[in-house]
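Please look over the sequence and the model below before reading on.

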Amino acid sequence: MPRTDGRKQAALVLLCAAVFLDSMDLSLMGVALPAIARDLSLPESTLQWLMSGYAVAYGGFLLLGGRIADLFGRRRVFLLSLAVFAAASLAGGLLSEGWPLVVTRVVKGVAAALTAPAALSLITTTFAEGAQRNRALGVYSLAGATGYTAGLIASGLLTEISWRLVFFLPVPVALMVLVVAPLVLPPDVRPRGAREGFDAAGAVAVTGGVLLLVFALTERNWPAGVVAALLLGAFVAIERRRPAPLVPLEVFRSGTVAAANLAALAWACATIGWQFVAVLYLQGELDYSALATGLGIVPMGLAIVIAANLAGRLIARWGLGRVAAAGMLVQGAGILLFLRAGAGGDYLTVLLPALVVHGVGNGLSFPSLNIAAVAGLPDERQGLASGLVTSAVQIGAGIGVAVLAAVTTLGESVLAGYRIAFLTAGGFSLAGALIAAYGLRSRRPVPVPAALTGDPS
């Protein structure tokens with residue numbers, strides 16, 4: 001924790017709790033999907049949207065969320081969006097129809113897209129630039145990684161009792177934050193001229209383009225894909241002409257930033273898409289219960305946390321490109337090791353090694369890509385760069401789930417379809433490794449947050 005007064009420490013804990021919830025909700029649904037499908041008689045297409053609806057809404061609205069926080073006040077937006085997140089979670093646990101359930105997931109994704117940039121901005125304005133802010137941002141990043149891992153594990157444990165608990169779990173945590181946050185978060189101060197600089201056209205174009213792109217992939221709706229491409233093209237044209245664009249395109253002139261975002265997109269396509277297929281494989285092909293699936297994933301979660309804590313030291317020694325590329329290769333190897341499982345793989349000799357290898361690669365690559373995405377940019381661009389890489393991850397999650405769900409139908413048998421999906425996910429990891437290896441090469445040293453290196457200063 002940063003060495004500062006107790007109020008700032010409490011603020012950091014609450015803001016980290018919010019990003020923990022956002023990350024946890026991305027993975028929390030995974031193990032519960034087969035149980036939801038059985039209970040509500042849902043087709044696989046609806047299951048896809050329970051995963052990708054949250055991720056795509058999160059990624060699609062994230063950049064807009066950052067501007068809304070600037071316009072209407074960071075604390076106000078943080079509290080209101082977190083309240084919507086809690087309400088949507090509660091509603092999801094009470095519903096018993098497929099598409100209304102999907103709607104709650106989309107609403108939660110939009111709420112998370114408002115919460116995350118507001119929380120990040122509150123950290124950067126609460127903690128002074130330098131050691132305090134770097135350590136606070138490091139703790140914030142680790143909270144996100146821990147939340148994702150916790151979601152994987154908690155999903156199985158809760159689903160064994162009732163899948164509805166998966167929806168109810170975030171509610172008490174969110175309510176606790178809502179009660180305490182007004183007492184410790186700083187009051188809102190809106191910068192002058194913020195409203196005049198709002199890029200509404202760019203926000204509409206990029207949000208609509210991203211949502212339609214994943215819809216086109218999930219539903220195989222090519223007209224929607226064409227409209228998505230047109231909207232994304234219009235977004236680029238708008239940003240080039242706007243005096244105060246939503247995303248200043250010159251930020252991508254840094255090869256490191258562009259490569260980090262592309263690699264993060266590939267990373268999410270691989271790991272989140274793999275998670276969706278792997279859970280269906282374990283419970284559908286190997287007859288694992290939800291509890292057995294959740295407990296079986298625990299070693300992978302531990303490997304992610306351990307590797308993420310080692311990543312900073314490795315980056316300081318070997319550089320971003322090498323660590324990120326190695327992590328993506330190791331992650332891909334863990335995915336491809338699932339090909340050994342077949343119709344009845346032994347856990348200790350087949351599944352456990354694959355899960356641990358995947359977790360190690362996941363934990364090494366994710367922090368590397370996040371650091372690379374903001375490396376070398378001035379302070380006023382740090383929030384934008386963080387929002388871009390988070391958007392890339394969430395959009396990649398939606399694309400990965402859609403693509404891997406589609407390729408599972410290409411096999412001559414169910415098992416063959418799973419094999420094709422695992423190969424495809426491994427291909428995404430390999431693509432990300434190549435992008436990281438060639439795009440993140442830099443001769444300049446890259447600052448690593450203290451929380452990731454173990455430096456107590």
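Where is the place of V389? V389 has its place in helix α15, residues 382-407. Helices here are DSSP runs of H or I with at least four residues, and strands are runs of E with at least two, numbered from the N terminus. This is a predicted model, in which local features need pLDDT of at least 70, side-chain atom pairs count only at pLDDT 80 or more, and totals for chains, interfaces and linings use all residues. Residues are numbered from 1 along each chain as its sequence is written, and side-chain values use heavy atoms, with hydrogens and water left out.

V389 counts as buried because its relative accessibility is 2%. The word buried stands for under 20% relative accessible area, exposed for over 50%, and partly exposed for what lies in between, with a 1.4 Å probe and protein chains only. Along the chain, V389 and L262 are 127 residues apart, while their C-alpha atoms are separated by 8.7 Å.

L165 lies in helix α7, residues 164-168. With 30% relative accessibility, L165 counts as partly exposed. L339 sits in the loop between α13 (320-336) and α14. The relative accessible area of L339 is 23%, so L339 is partly exposed. Between L339 and V350 there are 9.3 Å in space, C-alpha to C-alpha, and the two are 11 residues apart in sequence.

Two loop residues have a backbone angle to note. In S41, phi is near 55°, a positive value in a residue other than glycine. S41 belongs to the loop between α2 (33-40) and α3 (44-72). Its relative accessible area is 63%, and therefore S41 is exposed. In D287, phi is near 60°, again a positive value in a residue other than glycine. D287 belongs to the loop between α11 (255-284) and α12. D287 counts as exposed because its relative accessibility is 64%.

Next come charged side chains. Side chains of opposite charge can pair when their charged atoms come close. A salt bridge is a side-chain nitrogen of Lys or Arg within 4 Å of a carboxyl oxygen of Asp or Glu. By this rule the model has 2 salt bridges. One of them joins D25 and R105, whose closest N and O atoms are 2.6 Å apart. This pair links distant parts of the chain, since D25 is in helix α1 (residues 6-28) and R105 is in helix α5 (residues 98-126), 80 residues apart. D25 and R105 are both buried. D25 also meets K108 in a salt bridge, at 2.9 Å from N to O. Here too distant parts of the chain are linked, with D25 in helix α1 and K108 in helix α5, 83 residues apart. Through shared partners, the salt bridges join D25, R105 and K108 into one network. Like D25, K108 is buried.

The last part concerns two helices. Two packed helices are described by the angle between their axes and the distance between the axes. Helix α12 (residues 290-318) packs with helix α14 (residues 347-374) at an angle of about 35°, and the axes are 7 Å apart. Axes are lines fitted to C-alpha atoms, for helices over the stretch in contact, and angles run from 0 to 180 degrees between N-to-C directions. What kinds of residues make up the contact of α12 with α14? The contact has 17 nonpolar residues, 6 polar residues and no charged ones. For this count Ala, Val, Leu, Ile, Met, Phe, Trp, Tyr, Cys and Pro are nonpolar, Asp, Glu, Lys and Arg are charged, and the others, Gly among them, are polar.

P367 is found in helix α14. Its relative accessible area is 10%, so P367 is buried. P367 and N309 are 58 residues apart in sequence, with 9.1 Å between them in space, C-alpha to C-alpha. L314, in contrast, is in helix α12. At 31% relative accessibility, L314 counts as partly exposed.
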